[in-house]
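This report is a reading of one multi-chain model, to be followed with the sequence and the coordinates at hand. It moves from the chain contacts to single chains and then to single residues.

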Amino acid sequence: MTSFAHLLELEDVHTHLQLKQGVVQAVNGVSFSVDAGETLGIVGESGSGKSMTALSIMGLLPRRGAVVKGRIRFKGRELTALSEDEMEQIRGTDVAMIFQDPMTSLNPVYRTGWQVGEPLRIHRHMKTRASIAAAIGLFKKVGIPEAEKRVREYPHMFSGGMRQRAMIGMGLSTSPSLLIADEPTTALDVTIQAQILDLLRTLNQEAGTATILITHNLGVVAGMCDRVIVMYAGRIVEQGRTEDVFAHPEHPYTWSLLRSIPRIDADEHLPLRAIEGSPPDMVRLPPGCKFQPRCPFAISRCATEEPELITVREQLARCWVTQDGTSLDQAAAGG
Amino acid sequence: MSNAPAVVAALQPIRRIRIPLLELARTHRRVTVSAVLVALLFLVALAAPVIAPHDPLATSPDNSYLPPLSPGHLLGSDELGRDLLSRILWGARVSLPVAFVAVAVGLVGGGIVGMLSGYAGGIADLLLMRLIDALLAFPGLILAIAIVAALGPGLRNAMIAIGVVAIPGYARLVRALVLQLKQMEFVTATRSLGATPMRLILGHLIPNLLNPIIVQISLSAGFAILAEATLSFLGLGAQVPTPDWGQMINTGSGFLDNDPWLAIVPGAAISLTVYAFNLLGDSLRDALDPRLRS
Amino acid sequence: MTTYILRRLVLMVPVAFLVTVGVFMLIHLSPGDPALIILGEDRSPQAIAQVHRELGLDKPLYVQYVIWLGRTVHGDLGRSITTNQPVSIAIGERLPATIELGMVALLWSLIVAIPLGTIAAVRRGSLADQVATGITVAGVSIPNFFIGIVLIFVLSVTLRIFPFGGYVPFAQDPFENIRHVILPAIALGTAGAAINMRFTRSSMIEVLNHDYIRTARAKGASWRRVVFVHALKNALIPVVTIVGLQIGGIIEGAVVTETVFTWPGVGRLAVESIFDRDYTVVQGIVLLAAFSYMAANLLVDIVYAWLDPRISYA
């Protein structure tokens, strides 16, 4: 294996989806990298392209989707150039992905232990009995009680939190270098959410597995991720270290997101601040900056020219206003 | 709805629905093709007396067993010298009306049961649905044969028998629709829809009601033609010398080594007709599926 | 689970009752006096009255019904009007032939349907899929007796590979038995094949859209593994329902096929009996057909619940 600069590298990736109404540029010019042991958060609303980015990396795009441009390098290997067979060897071994809804993500007619041990049977050619024994170990590692009994049970007998733990165990069974978690806590209760995130964090620290955490919940990112990427309409609009982005967001979208989170110490009579407008129609995007229709800071330039993603103070941001040097907090206070 | 303006307003949405139907025809080829096919079949049935070259019942012993493409007999002639083409064309006049009547019996009978069951609810619903279940306990053909066995062979009894078999399907469908309707009325009554006028409700209702019924009619027409052909083939439906396709296959099957066309042509006719109706019902169901319309 | 079964059985009672009433009415709706059929020439009023008394036809209708029901429940289905053979024996003699035909037909339909349905689903929208779907609609549109006749014409009359009818018991000559059952089984099974194929296809398409398929792919499972291990087991569960109902409806399908191929089964017996005005036999067969269908419905639900671990009817 050639030596590589980053564990995972995306370079100007474009993914298109062919819909009845037209072509959707689900991922538009996305570039970022992940190093070994890092946690990266990708934040955005539905349709922002965050899940599509993950699926592009894994090569699991739906029928009508394809990566049309750009490079995806994992450990120096160009993933888009690999055959389906070669991708199948990487999936579930070196790169693992877990999904949002644990209720539907497990096969209802097979026992959980059998499913969790499956990557070992596929990739390490383990026998069934050995893989179930390994599954017991994995269950214990992810904190599922009564592991010996549980491996023989079917998924519907598990609670949501336990199913997600099983999924995580499944993903880690082959000790991957990279784990992609697509909204792992969205479908769970708040208390369980915290537990799952704790688990992910522990596993990341102990095993050194790089983690990409995809979510629409900024709170999740704050607790877990070293760096964060904010996506909107298929593009990266802000990128940087988590504490920097949270302390002084350089893109109005990030800024509005942070603003809209209700705070416990806020005056209860103040109205909740939502982001104006609605998510963009991905088939008919406006010219210029894609966030402009909803942006409280928009200037005339924003409607006609789309800004580039360039360095603004400590982050990368795609905004004319901040690239000018304006600070969003001050602009909001000033009026 | 004793209010005249409300009635007029309620009728308005029907016009608006027709235009989407034309749109549908353009974008859905299967529907158009099968609809045209069905229309053609009806035309043939209507026009048979005019376009058939011979009298379907006219025997001519000297001209029996003529092969296809013989002069004057495009498809040849049967064992009694009757022109096969004419008998096939007239056969449509037997099969299609039988299907029609059978579907009508099913629709009316099942519709009444379904409406009563749906509106009345309670014990009446329970009892009526058990009756329907009892009908459904018999496999379709068995039930039809049993009824024909009881009433005696013949086209009229075959029509009744097939109609009875079709009743449960319509009964369940109409009952489900009536239950939906009841819910909507309730909602109107509680004014949770705000100031929505009656016409909007009907504008939603009519497509919702009509669509599944149209699909059901098409599919049960296909089944009815098949059932009629089967009954006639067994000798329980149309009797000799009526030019009925199923019955023609029955007689024709005895002459397979002589003249296979006598059995094959009517078989093809049945298959084509049933196929047209089935395709129509299927493609309509796909086209009108609300899930696919977004 | 047992409560579920019991509940279903209880609900079945009124339906079963109505079914028996319906079958009983068969005889009494039909024109013609069974006495006249039995007596034939000698139709003196005394002889007729005598037969009526013997058959219990002089009693009021509901009494006749109760007597008939009582006998039926004990397995006494009366005697054939034409041959005087007990109906249960007449049916019993011919039932194995019908069952054999039905099972082979079912086997044929599944051999065709499951692979084709799976391929059509996996290659959805492709030419193969469209052709397969078109064949499906055609398969249910062509009358099965016509398929039988075409098969006879091509393979028996013209090519003389298969016999065009008749039956040889398996015990007597297994090879000939198979040779005779193939054509009628194909004729009977083709409509079922079309239905099963379409069902398999739609079930498979639905299953392939489920999230756990995506999970399996993310684990690095090949498409072959995904389809045959993960998808198929799920997709076939609803297919079991359809297949079960087809088993329950064996007699129905057999009626026409046995007539075409002169197969000595229960279906052909039914048709012959109708023309012979042998109503007791018809009654017996219709009753059998209805109850086996009802039983199949119940069994299918039970098997479905047993197969899908998620369903618990507690």
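## Basis of the model

The model is predicted, so local features are reported only at pLDDT of at least 70 and side-chain atom pairs count only at pLDDT 80 or more, whereas totals for chains, interfaces and linings use all residues. Residues are numbered from 1 along each chain as its sequence is written, while chains are lettered from A and ligands numbered from 1 in the order in which they are written.

## Chain contacts

Two residues are taken to be in contact if their C-beta atoms, placed from the backbone, lie within 7 Å. Of the 2 pairs of chains that touch, chains B and C have the most contacts, and their contact takes 38 residues from chain C and 39 residues from chain B. On the side of chain C that touches chain B, the elements giving two or more residues include helix H1 (2-29), helix H6 (127-141) and helix H13 (279-307) of chain C; here helices (H or I, at least four residues) and strands (E, at least two) are DSSP runs, numbered from the N terminus. By class, that side of chain C has 32 nonpolar, 5 polar and 1 charged residues, where Ala, Val, Leu, Ile, Met, Phe, Trp, Tyr, Cys and Pro count as nonpolar, Asp, Glu, Lys and Arg as charged, and the others, Gly among them, as polar.

The contact between chains A and C takes 23 residues from chain A and 17 residues from chain C. Helix H2 (84-90) and helix H4 (118-123) of chain A each supply at least two residues of the side of chain A that touches chain C, and H4(A) gives the most, with 4 residues. That side of chain A comprises 11 nonpolar, 8 polar and 4 charged residues. Chains A and B do not touch, their nearest C-alpha atoms being 11 Å apart.

## Fold of chain A

Chain A contains 13 helices and 12 strands, and its C-alpha trace spans about 65 × 50 × 40 Å along its principal axes.

## Helix H10 of chain C

Helix H10 (residues 223-248) of chain C has 26 residues, which at 1.5 Å a residue should span 38 Å, and its end C-alpha atoms, 35 Å apart, agree with this; the expected span is 1.5 Å times one less than the number of residues. A kink of about 50 degrees in H10(C) is centred on Ala231(C), the bend at a residue being the angle between axes fitted to the seven residues ending there and the seven starting there.

Among the buried residues of H10(C) are Val226(C), His230(C), Ala231(C) and Asn234(C). A residue is buried if 20 or more other C-beta atoms lie within 10 Å of its own, exposed if 12 or fewer, and partly exposed in between, with C-beta atoms placed from the backbone. The buried residues of H10(C) pack against helix H5 (87-122), helix H8 (174-208), helix H9 (211-218) and H13 of chain C.

## Positive phi in chain A

Most residues other than glycine have a negative phi. His125(A), however, has a positive phi near 55 degrees and lies in the loop between H4 and helix H5 (128-141) of chain A; His125(A) counts as exposed because it has 9 C-beta neighbours inside 10 Å. Glu146(A) also has a positive phi, of about 50 degrees, and lies in the loop between H5 and helix H6 (147-150) of chain A.
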